[in-house]
Amino acid sequence: LALGFAAAGDDASARTIERDLLGRYGEQFGRWVRLRLDPTPGGADPTAELLAGAGLWTCSRLLVSSQAVAIGLVGTAWTVDLGSRLLTGRHLIGGTEYMWDPQWPLFTRLLSAYHVALPLLLVFALRRIGYDPRGYWLQSAIAVVAVASGRLFPPAVNLNYAYVEPLFQRTWGGPATHVAAVAGFLVLVAYPLTHLLLLKLVPTA
């Protein structure tokens with residue numbers, strides 16, 4: 001998120017986030033910084049956010065487009081589930097349970113607000129630089145690799161939902177079948193929806 005603010009020219013906000021993270025979780029050794037962060041809550045790795053930050057920093061139209069396809073979907077689902085919990089006391093989709101888990105520091109939980117801010121920032125950026133339709137294909141390839149690589153981690157981590165998917169909270173068959181089901185849903189159902197929406201919302205490159 002700090003990279004996004006910096007790329008947009010808001011150095012003050014970027015420095016504020018940097019100082020807060022460093023003060024709470026970091027150690028500085030000259031020009032080098034080491035962060036002491038717990039594993040990411042919620043079952044997903046930070047690859048998409050890192051790629052989005054890199055894309056914004058380098059003004060890469062393809063990279064920003066690919067992450068807008070993924071993060072727009074995730075951000076919408078996260079916001080809907082959080083809103084459902086706040087309004088009805090129940091999770092409609094799942095994935096935001098950690099927001100009410102006291103084992104995570106409040107600051108760490110509040111950082112998850114980027115699920116709301118980052119999709120808006122990516123759309124804003126794409127309205128300036130244009131959407132590259134190839135982003136759908138790039139993100140589809142990234143998703144297949146990300147879900148498959150989640151099997152390298154213990155089942156308790158459930159990284160990228162490689163063991164249990166979030167909608168029905170179940171495993172679909174064996175390892176290959178489950179990975180194919182989760183990745184297939186993203187590539188053939190979820191991502192095409194955000195791809196078509198982006199084609200309508202922002203100009204194409």
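Trp172 counts as partly exposed, because its relative accessibility is 31%; here buried means under 20% relative accessible area, exposed over 50%, and partly exposed in between, with a 1.4 Å probe and protein chains only. The model you are looking at is predicted, so local features need pLDDT of at least 70 and side-chain atom pairs count only at pLDDT 80 or more, while totals for chains, interfaces and linings use all residues. Residues are numbered from 1 along each chain as its sequence is written, and side-chain values use heavy atoms, with hydrogens and water left out.

Let's start with the aromatic rings. A pair of aromatic rings is described by the distance of the centres and the angle of the planes. Rings of Phe, Tyr and Trp (its six-membered ring) pair if their centres lie within 6.5 Å; planes under 30 degrees apart count as stacked, over 60 as edge-to-face and the rest as tilted. By this rule there are two aromatic pairs. Tyr136 and Trp137 have ring centres 4.9 Å apart and planes at 70°, so they are edge-to-face. Tyr136 is buried at 10% relative accessible area, whereas Trp137 is exposed at 61%. Phe168 and Trp172 also pair edge-to-face, with 6.3 Å from centre to centre and 85° between the planes. Phe168 is exposed, at 62% relative accessibility.

Now for the interior. A nonpolar core is a set of buried Ala, Val, Leu, Ile, Met, Phe, Trp, Tyr and Cys residues joined through side-chain atoms within 4.5 Å. The largest one has 25 residues, of which Leu122, Leu126, Tyr131 and Tyr191 touch the most other members. Two or more residues come from each of helix H3 (47–58), helix H4 (61–88), helix H6 (114–129), H7 and H8; helices (H or I, at least four residues) are DSSP runs, numbered from the N terminus. H8 gives the largest share of this core, seven residues. A second, separate core of five residues includes Trp78, Leu82, Tyr98 and Trp104.

Finally, visit Asn158, in the loop between helix H7 (134–149) and helix H8 (175–201). Asn158 is buried, at 14% relative accessibility. A polar atom of its side chain lies 2.9 Å from the backbone nitrogen of Tyr163.

Definitions and conventions
A polar contact is a pair of N or O atoms within 3.5 Å; within protein, one must be able to donate a hydrogen and the other to accept it, and residues adjacent in sequence count only if both atoms are side-chain atoms.
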